[in-house]
Amino acid sequence: MNIFVIGCGRWGSLITWYLDHIGHHVTLYGRESSPRMQSFLATRQNDLLTLPESVGLTTDLRDVEQAEVVIISIGSQSLRALLAEEPMQALRNKTVVLCMKGLEMGTGERLSVIAGELLHPSCTVAVWLGPGHVQEFYRGIPNCMVIDSENEQVKRRLVQAFSSDLIRFYYGGDMIGNEVGAAAKNVVGIAAGFLDGVEMSSLKGALMSRGTREVARLIRAMGGNELSAYGLCHLGDYEATVFSPYSHNRQFGESFIRHQDYHRLAEGYYTVEALMVLSERYQVELPICRAVHAILYENADPREQLTDLLRRGLRAEFDD
């Protein structure tokens, strides 16, 4: 396949390296003003990996027209602006794959819905989600991920073309559940960082169990399959998010509690705001997400929020 990857951050560069590694023709795009892109242009390296000479590099978004498949890996809140740019508006008959985990602040909209609204109807949208860290993939440590799309033919073609011994892909069957679950796991990651920050890491088991339950309730209310919360896109991604030292969301949460500066992207910070919109819209209680929101946006005391969660009304474990 001729593939154009938009986004030269850690995931965009890893996707570029991986798809080239398994035999595709790949071009990586980054803005000319991006220090990360300038580093690739100068040395073909960032602080995590080296791109081989077979990978094309460009700072001209108009080059996207040459691709069969377009993969987007940027911050979720920047998607709408990217898709409004002229080269993206001109795309026809392309497969556009979103390798991003987030929801739009203010609207709570899923990213595939935004893409479907803004791209030409001849284009097909898919999502690439699931666990894994750039550092581990680059070292050859395998993992499992999911590709989903409303278009069954496109979904099967992507899974078959992108699968290898390094990444085993599964066919997704629930765009709502997979996208919402993938986005919400970043909020759980921040909550895990909070627990590390207050030295209560032993509560992570309860966090994972109860976090999955509230996300499952939301997915069901939105019309998705609540079992998706227990799949690779949410529960299956917890190890990489809740425990790993590579997790930006977990690190952000711990740094926030310890009043330390942390400047890397933590998508959960934006996602929890969107989840509050969805909680209100669908009348679904999200106590863990609401506590994270209160700490991040309302200056609530973390220990008080934890106490409030533990004092909630007693109930059966699986009583909705």
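Modeller: Here we go, from the overall fold down to single residues.

Modeller: This is a predicted model, so to speak plainly about the cut-offs: local features need pLDDT of at least 70, side-chain atom pairs count only at pLDDT 80 or more, and totals for chains, interfaces and linings use all residues. Residues are numbered from 1 along each chain as its sequence is written, and side-chain values use heavy atoms, with hydrogens and water left out.

Biologist: Thanks! How many helices and strands does the protein have?

Modeller: There are 14 helices and 8 strands, taken as DSSP runs numbered from the N terminus (helices H or I, at least four residues; strands E, at least two). The radius of gyration is 19 Å, close to the 20 Å from the globule rule for 320 residues, so the protein is as compact as a globular protein of that length. That radius is taken over C-alpha atoms, and the rule is 2.2 Å times the number of residues to the power 0.38.

Biologist: And what share of the residues is buried?

Modeller: Buried residues make up 55% of the 320; buried means under 20% relative accessible area, exposed over 50%, and partly exposed in between (1.4 Å probe, protein chains only).

Biologist: Now the strands. How do β7 and β8 run, and how many bridges join them?

Modeller: Strands β7 (residues 143–149) and β8 (residues 167–171) run parallel, joined by 5 bridges; two strands pair if DSSP finds at least two bridges between them. From β7 the chain crosses through helix α7 (residues 152–162) to β8, and this β-α-β crossover is right-handed. Right-handed here means that, with the strands pointing away from the viewer, the path from the first strand over the helix to the second runs clockwise.

Biologist: Which residue in β8 is the bridge partner of Val146?

Modeller: Tyr170 is the partner of Val146.

Biologist: Switching topic: how many disulfides are there?

Modeller: The search of the whole structure finds 0, a disulfide being a pair of cysteine sulfur atoms within 2.5 Å.

Biologist: Is Cys99 buried or exposed?

Modeller: Cys99 counts as buried, at 10% relative accessibility.

Biologist: Last one: where does Met200 lie, and what is it in contact with?

Modeller: Met200 sits in the loop between α8 (175–197) and α9 (204–221), and is partly exposed at 25% relative accessible area. Leaving aside neighbours within four places in sequence, Met200 is in contact with Leu195, Arg303 and Leu306, where contact means heavy atoms within 4.5 Å.
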